[in-house]
Amino acid sequence: MDRRPVPVTQCYATWRGITVPANLTADYLAAEQTYKRSHTQEERVAALEQMLAALPKHKGTEKIQAELRRRLSQARKESQKTIGGHESPPYLIKREGAGQVVLIGPPNSGKSQIVCRLTHARPEVADYRFTTRMPTPGMMRFENVQIQLVDTPPMSAEFMEPWMPQVIRAAQIGVLIVAPNDSDVLGEIEFILQTLEGWHLPLPRLLVGNKLDQAGAEKDFAAVQTIYSDRFRYVGVSAVTGAGLEAFAREAFGCLDLVRFYSKPPGRKPDLDVPYVLRRGATVQDAAAQVHRDFAEHLKYARLFRTSGEHDGLMVERAHVVEDEDVLEFHTA
Ligand SMILES: Nc1nc2c(ncn2[C@@H]2O[C@H](COP(=O)(O)OP(=O)(O)OP(=O)(O)O)[C@@H](O)[C@H]2O)c(=O)[nH]1
Ligand SMILES: [Mg+2]
């Protein structure tokens with residue numbers, strides 16, 4: 001990594017309104033970027049520690065050192081609270097990553113197996129019904145974005161956990177996982193859809209048919225798809241062989257209605273590994289606000305590039321709507 005100091009004028013070296021009369025190192029700026037993009041208290045603590053370590057220590061940076069120490073101590077306290085787990089009921093999963101996707105479905109449809117296959121989480125998988133008793137989160141990677149999947153206990157007329165509506169409501173989207181070769185798959189789907197309607201919860205937009213690898217599965221998959229194709233997007237997968245899981249991740253990302261953008265300083269290349277994420281429909285002004293408070297307050301215009309090489313530096317206004325994979329260069333007054 002380039003460790004040379006970067007001039008203040010280039011890097012907007014302010015910290016909550018404190019202007020720093022000293023050059024900051026590339027290490028510090030990188031840690032600051034990580035801090036801004038952190039989602040959990042643990043990530044915040046790690047990034048603040050790095051910022052403090054990389055900050056040049058002299059009279060000119062005393063105020064910013066004090067502010068960093070104050071934030072670090074606050075983030076450590078918050079992080080302890082989260083570890084203690086006393087903040088909210090244990091079945092409610094704190095959102096992390098670009099979006100939370102809750103997997104719901106009848107018993108034995110393979111919800112836990114999908115989470116095991118796509119994330120580092122290891123919820124129990126077993127061939128008997130009602131294996132899962134508590135929600136389990138795991139992070140799924142789609143291209144350069146981390147999406148949080150939440151495995152849940154089954155929804156069935158026989159039994160349902162009373163807090164299931166809260167778990168589903170807490171997520172951005174719900175995905176319905178079924179095994180089309182279950183003898184009562186249509187009854188199971190109808191039960192779940194009616195239950196969600198009774199709870200006044202938005203219906204899932206994505207229906208996933210799992211266990212595509214099983215003998216004769218294609219016929220059942222096609223039948224379920226035909227019946228529900230006008231109401232849901234549909235994807236067939238096998239959580240055992242991995243078939244269709246890439247398409248599943250793409251569909252889940254699509255249903256979240258997000259766009260990714262990258263920020264780039266003039267004359268430099270953007271970091272395409274770590275996108276900023278916004279809701280679809282957000283503007284250049286919203287994007288600026290996410291990158292830096294100064295940009296949001298003093299934004300004059302932005303230059304738009306695309307990762308594909310299209311729109312090479314096209315000037316765009318604050319109200320311009322951001323599209324997925326935009327690269328933006330912010331110019332302030
Ligand atoms: N052949 C095949 N079996 C699968 C697949 N996915 C899951 N299974 C099997 O189906 C059974 C149930 O899988 P789970 O992941 O525990 O199902 P679940 O939906 O979490 O079940 P509950 O927790 O009871 O709701 C296990 O025996 C899995 O090994 C698949 O894609 N193909
Ligand atoms: Mg399970």
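Author: A polar contact is a pair of N or O atoms within 3.5 Å, and within protein one of them must be able to donate a hydrogen and the other to accept it. Please keep in mind throughout that this is a predicted model.

Reader: With which side chain does the side chain of Ser238 make a polar contact?

Author: Ser238 sits in the loop between strand 10 (233–236) and helix 9 (245–255), and at 1% relative accessibility this serine counts as buried. Leaving aside residues up to four places away in sequence, Ser238 touches Asn210, Lys211, Leu212, Asp213, Ala243 and Leu245. The polar contact of its side chain, at 2.7 Å, is with the side chain of Asp213.

Reader: Which residues coordinate the magnesium ion (ligand 2), and are they buried or exposed?

Author: The magnesium ion (ligand 2) is coordinated at 2.0 to 2.1 Å, through the OG atom of Ser112 and the OG1 atom of Thr132. Ser112 belongs to helix 5 (residues 111–118) while Thr132 belongs to the loop between helix 5 and strand 6 (136–142), so the pair ties together parts that are 20 residues apart in sequence. Since buried means under 20% relative accessible area, the description that applies to both Ser112 and Thr132 is buried.

Reader: Which backbone N or O atom lies 2.8 Å from an oxygen atom of ligand 1?

Author: There are 22 residues around ligand 1, and those that come nearest are Lys111, Ser112, Gln113, Asp213 and Ala239. An N or O atom in the side chain of Asn210 is 3.1 Å from an oxygen atom of ligand 1, and a backbone N or O atom of Val240 lies 3.3 Å from an oxygen atom of this ligand. The backbone atom at 2.8 Å is that of Gln113.

Reader: How many disulfides does the structure hold?

Author: A disulfide is a covalent bond between the sulfur atoms of two cysteines. Cys116 is buried, with a relative accessible area of 15%, and Cys255 is likewise buried, with a relative accessible area of 4%. The number of disulfides in the structure is zero.

Reader: Within what arc do the buried residues of helix 10 fall?

Author: In helix 10 (residues 284–291), the residues Val284, Ala287, Ala288 and Val291 are buried. Seen down the axis of helix 10, these buried residues line one face of the helix, because they fall within an arc of 100°.

Conventions. Residues numbered from 1 in each chain as written. Chains lettered and ligands numbered in written order. Predicted model: local features only at pLDDT ≥ 70, side-chain atom pairs only at ≥ 80, totals over all residues. Heavy atoms only, no water. Donors = N, O, S within 2.8 Å, 3.2 Å for Na, K, Ca; no water. Helix = DSSP H or I, 4+ residues; strand = E, 2+ residues; numbered from the N terminus. Buried < 20%, exposed > 50% of the residue type's maximum accessible area, 1.4 Å probe, protein only. Disulfide = S-S within 2.5 Å. Arc of directions from axis to C-beta. Contact = heavy atoms within 4.5 Å. Near = heavy atom within 4 Å.
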